[in-house]
Amino acid sequence: MARTMTGAEIVMQALADQGVEHIFGYPGGAVLPIYDALFQQDAVKHILVRHEQGAVHAAEGYARSTGKVGAVLVTSGPGATNAVTGLTDALMDSIPLVCITGQVPTHLIGNDAFQECDTVGITRPCTKHNYLVRDVNDLARVLHEAFYVAKTGRPGPVVVDIPKDVQFAEGSYVGPSNVVHKTYRPKVKGDQEAIRQAVDMIAAAKKPIFYTGGGVINSGPAATQLLREFVRMTGHPITSTLMGLGAFPASDKQWLGMLGMHGTYEANMAMHDCDVMVNVGARFDDRITGRLDAFSPGSAKIHIDIDPSSINKNVRVDLPIIGDAAYVLEELIRVWRARTPQADKEAHGAWWKQIDGWRARNCLDYKPRDDVIMPQLAVQRLYELTKKEDVYITTEVGQHQMWAAQFYRFEEPNRWMTSGGLGTMGYGLPAAVGVQMAHPDALVIDIAGEASVLMTMQEMSTAVQYELPIKIFILNNQYMGMVRQWQELLHGGRYSHSYTEALPDFVKLAEAYQCVGIRAEKPGDLDDAIKEMMSVKKPVLFDCRVHKEANCYPMIPSGEAHNNMLMGDDVSEEELEAAISEEGKVLV
Amino acid sequence: MDSRPISNEQHTMSVLVDNEPGVLARVIGLFSGRGYNIDSLTVSETEHEAHLSRITIVTTGTPMVIEQIKSQLERLVPIHSVNDLTVSGQPMERELALIKVAGKGEKRVEALRLAEAFRAQVIDASTEHFVFEMTGKLNKIEQFVLLMKPLGLVEVARTGIAAIGRGPTRM
Ligand SMILES: Cc1ncc(C[n+]2csc(CCOP(=O)(O)OP(=O)(O)O)c2C)c(N)n1
Ligand SMILES: [Mg+2]
């Protein structure tokens, strides 16, 4: 028998039945009935943020560090529009979220009512799917569908817009097991014949490489284990995108580091020169491929992805396998075992020798200084001092993000939360709030830039309220460093509006938020200051004053090929001038 | 690497969707957001009980883009199936047009004579005008409209293409 309850009660019941323990939100007129129902139950805990964008990023951090669906609750109009950046971020990075938005009552929809906006219209292109629920009897089904759509296939954000009269109306409740989606059936099992062909191609390769992405992490812990198993069975080199860091341990001999625009020399050169490329859960994004017509010209490409629209979108591949990474990897291992292919020891030895030659360039080297903290050093010391802890890293967007990816070494998945696809400044602090909520005893650090962190700084107040001891480690160069670097390389060093003339005193700001501020100004201060930060049981704003004009290398300039990288140690003025073509300049 | 020549092709796709609010907006938003061409688009409910509508889209692009369009459409949640009719074989394609022509004397006689030759029906007339109704393939309609121009063409309304695959089976 279906039970009868109000729309608002249905929302709470559906959330509880979907296993939601935490929901990030902000109240307003159009969601008051849901807030009232929230008040009268204890299954779901609500975290009050300070801005709806923060709620969505917090839910993203929560989702990425747990593998669960993140939940958000916001009001109509400005509540919904404030959530749009976060929703777009989650769509670009394939993060499963359900965002409930309040809406004006159905009879007022379309009348420009107070705090009305066309939420489903606005969020249609920035969600995986969205719903406007006009009948309370559809509400339970739609909510369960929303969770199903958010987490299956290629994950993504789903919005459920609920008019206020529907929240008050009485209707019947159905549980999650009674809901089957009419049309949405993602394909998870890869084609067997294609899997056999893939094994043949990998077995015959002389210069193979694995190129993996966020899809492996999204697939879950089994995919990570299977990836490690398969890559070790083959003995082949592996690199990953920004989104995929942690799926393969950074300490492993087979690991080449991250690839792409600020990836390592060895990873990019190996991608360029390989003869068989095995892409698992990555999407040939433009940060990865560089100039498309010069992207890995001599290789046969295998592409494993759960989303058929990722296949042949940017790069035409030779063997697509559509399916879930874990399933396909398991089958690859099974077929590989049955086949036990003879390794071409000579060819693989020569390939590794070539790779070791590239490694010897030490592409991440930088000139150490003892008068000022180099940002790379700050991340290195942070890594060395925290690596034994139960640590989760989030970031903002800019140079510091790339230095974090280069110098913080990840051994496990779900430990690294960064805005990859959208590149959203202001992501890291609220994401850290979400991560800490899910892992109360862990060390959660946002490696931040001083410009980015000001975009969502108000969430420090959330961290204080919920006693979340997040650590905001700001690489403070007073510049929008990444913008300054591009202006130096592409715009004749005219630093148009990339310097922040009036920054707050972050230590005093921390005190104003009633948390702890720490400052480090000289390389000699660094270790003690980091240790102090780790020992504080409160949220910390760490103002790490770094070299103002350091650049992030290596770098593949926009529009260039993988084998045309700028290296940090020896870039001359002429090389810089020559490095970026006119066509490259129009690219971002 | 792609060795195929990068030339544009025109394809007709038939998209079976759940007839729910917003589904057409999703399809159109996909095309405008990703910069795909729409040469023709028609939509109507086709199976009332099953809540199904059929959208017929004619689009132009490189083979890689056409392939993308199909998989992007398939990714939309309320979509049942996407069929590239051009790939499955020469589809039957028809369009309906209403053509208003005004004039007197020789021109008027000539317009009526041509309409008969093209099997267009007269659905409204006065001593000064005709409205012709005509169904057929795209180029037949275009040719007729072209011929009407010097004979006093006033305006044209067209439905866009409805298309269906050949043979006894459904898509
Ligand atoms: C919301 C938003 N606005 C603008 C940008 C463009 N942008 C990319 S990096 C960057 C500078 C970031 O500065 P900071 O946070 O200080 O980091 P740094 O590069 O100095 O490490 C800007 C403005 C962006 N990514 N996101
Ligand atoms: Mg900065």
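## Exercises on a two-chain predicted model

The C-alpha centres of domain 1 and domain 2 of chain B lie 29 Å apart. This is a predicted model, in which local features need pLDDT of at least 70, side-chain atom pairs count only at pLDDT 80 or more, and totals for chains, interfaces and linings use all residues. Residues are numbered from 1 along each chain as its sequence is written, chains are lettered from A and ligands numbered from 1 in the order in which they are written, and side-chain values use heavy atoms, with hydrogens and water left out.

**Exercise 1.** Describe how domain 1 of chain B and domain 2 of chain B touch.

*Solution.* Start with the bounds: domain 1 of chain B spans 9-88 and domain 2 spans 92-163, as given by an automatic or database domain assignment. Next, take the contacts (heavy atoms within 4.5 Å): seven residues of domain 1 meet six residues of domain 2. The buried area, meaning the accessible area (1.4 Å probe) that two parts lose on being put together, summed over both, is about 460 Å², and carbon and sulfur atoms give 51% of this area. Finally, strand 2 of chain B gives the most to the side of domain 1 that touches domain 2, with three residues; strands (E, at least two residues) and helices (H or I, at least four) are DSSP runs, numbered from the N terminus.

**Exercise 2.** Characterise the interface of chain B and chain A.

*Solution.* First, the residues: chain B brings 18 and chain A brings 22. Then the area buried between the chains: about 1,800 Å², with 51% from carbon and sulfur atoms. Now look for charged pairs: there are three salt bridges between chain B and chain A. A:R316 and B:E67 form a salt bridge, with their closest N and O atoms 3.2 Å apart. Last, ask which element leads: helix 2 of chain B (63-75) gives the most to the side of chain B that touches chain A, with six residues.

**Exercise 3.** Which parts of chain A does the salt bridge of A:D200 and A:R339 tie together?

*Solution.* Begin with the geometry: the closest N and O atoms of A:D200 and A:R339 are 2.2 Å apart. A:D200 sits in helix 8 (residues 192-204) of chain A and A:R339 in helix 13 of chain A, so the pair ties together parts 139 residues apart in sequence. Then check accessibility, where buried means under 20% relative accessible area, exposed over 50%, and partly exposed in between (1.4 Å probe, protein chains only). A:D200 counts as partly exposed at 42%, and A:R339 counts as partly exposed at 34%. For another pair, A:D285 and A:R283 meet at 3.7 Å, N to O; A:D285 is buried at 18%, whereas A:R283 is partly exposed at 24%.

**Exercise 4.** Find the residues with the most contacts inside the largest nonpolar core.

*Solution.* A nonpolar core is a set of buried Ala, Val, Leu, Ile, Met, Phe, Trp, Tyr and Cys residues joined through side-chain atoms within 4.5 Å. The largest one has 83 residues, and A:I302, A:F473 and A:F542 have the most contacts inside it. Helix 13 (residues 325-339) of chain A supplies the largest share of this core, eight residues. Now zoom in on A:F542: residues it touches include A:I472, A:F473, A:I518 and A:M533, not counting residues up to four places away in sequence.

Terms used:
A salt bridge is a side-chain nitrogen of Lys or Arg within 4 Å of a carboxyl oxygen of Asp or Glu.
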